[in-house]
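Please read each point with the model open.

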Amino acid sequence: MTHPATPEFTLAELAERLGAHLVGDGSRRVRGLASLKEAGPDQVAFVANRSYLKDLANARAGAVLLHPEHAAACPVARLELANPYLGYAHLSQLFDPILAPPQGGVHPAAVVADDVVLGARVSIGPNAVVESGVELGDEVVVGAGCFIGAGSHIGAGSRLHPNVTVCHGVIIGARAILHSGCVIGGDGFGFAHDGSRWHKIAQLGGVVLGDDVEVGSCSSIDRGALDDTVIGNDVKIDSQVQIAHNVRIGDHTALAGCVGIAGSTKVGRNCMLGGGVGLSGHLTICDGVQVTGMSLVTNSIHEPGVYSSGTGAMTNAQWRKNAVRFKQLDDMARRLSRLEKRSQEG
């Protein structure tokens, strides 16, 4: 088995790519990233949090990426940048061997329909299946065991990790990243009941993903019942997230693990949903909303801000007592209202 070659750069090359100010030997070559404590002479470390400054004096890295205000404490070469954490994000992509430009080619064990349109340098791995009418843009990578359904389009530079399922009629923009086990375009949860049993409603819409979308492993984005489910540009979706049919999510929104969004809910731009957040169906969440982890949202939100629900952890004995009081809240509120009214009349 061959492994991708480890990328290697000079500090001068890294400084140019990052737009950073280099102090030190620009010809030094580095081959990876590591934490400030563990980085050796052929690696780059970074400092983006003040709590790690205590380790800076003992750094052995080939260079440290940091804010200019911390430069004086750095004993090794440094890459000075106003936003070192963002710089770290860019460096991480440079040093990830899996992100090297694809060489292109279709594995002999792949099954690709005769009318599939392949862009330049498309790579299709073993046991992948690409059905009729599919279009794959330049430098798309389809991992081993992926399935791409009929009539789907995938934009340039997108990457499907092994065992991704893209169902029929799905549109995916450029530079998308789909992680293993995710399903894009499965049937939405639609059934009609006749009084004794359920009857399936065919899901006739599709799914549209914008540019630069990332979907984590084992997440599901259901196709629309009639209209499409639409995910905007630069939306980031963590693992084990469920997005139901006809949901619409605005640009630059991020969803952490185990979020669940029920059907036909609209989430605005630049929103953040913490881990385990649940949104009921047919809601509207405006732009700029942050919902903290494990919250349940049952009403629309029309003002940007931070929202939470639920109670913090406590001992079971205390929770049981409070649970009884929760049931008494309505009665207590009515009694308080009567007392206030009597007080005002008095």
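**Note on the predicted model**

1. An open sheet of 11 strands, with parallel pairing, runs in the order β7-β10-β13-β16-β19-β24-β27-β30-β33-β36-β38. At its edges stand β7 (105-106) and β38 (305-307), each with a single partner strand, so one side of each has no neighbour in the sheet. Strands here are DSSP runs of E of at least two residues, helices are runs of H or I of at least four residues, and both are numbered from the N terminus. Two strands count as paired if DSSP finds at least two bridges between them.

2. Residues are numbered from 1 along each chain as its sequence is written, and side-chain values use heavy atoms, with hydrogens and water left out.

3. Leucine 178 has valine 215 in β24 as its bridge partner.

4. A further open sheet holds 10 strands, again with parallel pairing, in the order β8-β11-β14-β17-β20-β25-β28-β31-β34-β37. The edge positions belong to β8 (111-112) and β37 (296-297); each has a single partner strand, so one side of each is left without a neighbour in the sheet. Strand β20 (residues 183-186) is joined by 3 bridges to strand β25 (residues 220-222), and the two run parallel. Glycine 186 is paired with aspartate 222 of β25.

5. In total, the protein has 3 helices and 38 strands. Its C-alpha trace spans about 85 × 60 × 35 Å along the principal axes. The radius of gyration is 26 Å, whereas a compact globule of 346 residues would have a value near 20 Å; the radius is taken over C-alpha atoms, and the globule rule is 2.2 Å times the number of residues to the power 0.38.

6. Buried residues account for 39% of the 346 residues, where buried means under 20% relative accessible area, exposed over 50%, and partly exposed in between (1.4 Å probe, protein chains only). The protein exposes about 18600 Å², of which carbon and sulfur atoms supply 53%. Of the contacts between residues at least 6 apart in sequence, 17% join residues at least 24 apart; a contact means heavy atoms within 4.5 Å.

7. Strand β5 (residues 63-66) is covered on both faces, with Ala63 and Leu65 buried on one side and Val64 and Leu66 buried on the other. It is joined by 3 bridges to strand β4 (residues 44-46), which runs parallel to β5, and phenylalanine 46 stands opposite leucine 65. Another 3 bridges join β5 to strand β6 (residues 78-80), also in parallel; there leucine 65 has leucine 79 as its bridge partner.

8. Where does valine 47 lie? Valine 47 is placed in the loop between β4 and β5, and this residue is buried, with a relative accessible area of 2%. Not counting residues up to four places away in sequence, valine 47 touches Leu36, Leu53, Leu56, Val64, Leu65, Leu66 and Pro84. Valine 47 and leucine 204 are 157 residues apart in sequence and 50 Å apart in space, C-alpha to C-alpha.

9. Most residues other than glycine have a negative phi. Arginine 175, in the loop between β18 (170-172) and β19 (177-178), has a positive phi near 60° and is partly exposed at 43% relative accessible area. Aspartate 234, in the loop between β26 (229-231) and β27 (236-237), also has phi near 60°; its relative accessible area is 29%, which is partly exposed.

10. Glycine 288 occupies the loop between β35 (284-285) and β36 (289-291) and is partly exposed, with a relative accessible area of 35%. Leaving aside neighbours within four places in sequence, glycine 288 is in contact with Arg269, Asn270, Cys271, Pro304 and Gly305. Glycine 288 and serine 152 are 136 residues apart in sequence, and their C-alpha atoms are 32 Å apart in space.

Technical notes. Predicted model: local features only at pLDDT ≥ 70, side-chain atom pairs only at ≥ 80, totals over all residues. Areas by Shrake-Rupley, 256 points an atom, 1.4 Å probe, with all protein chains shown as cover.
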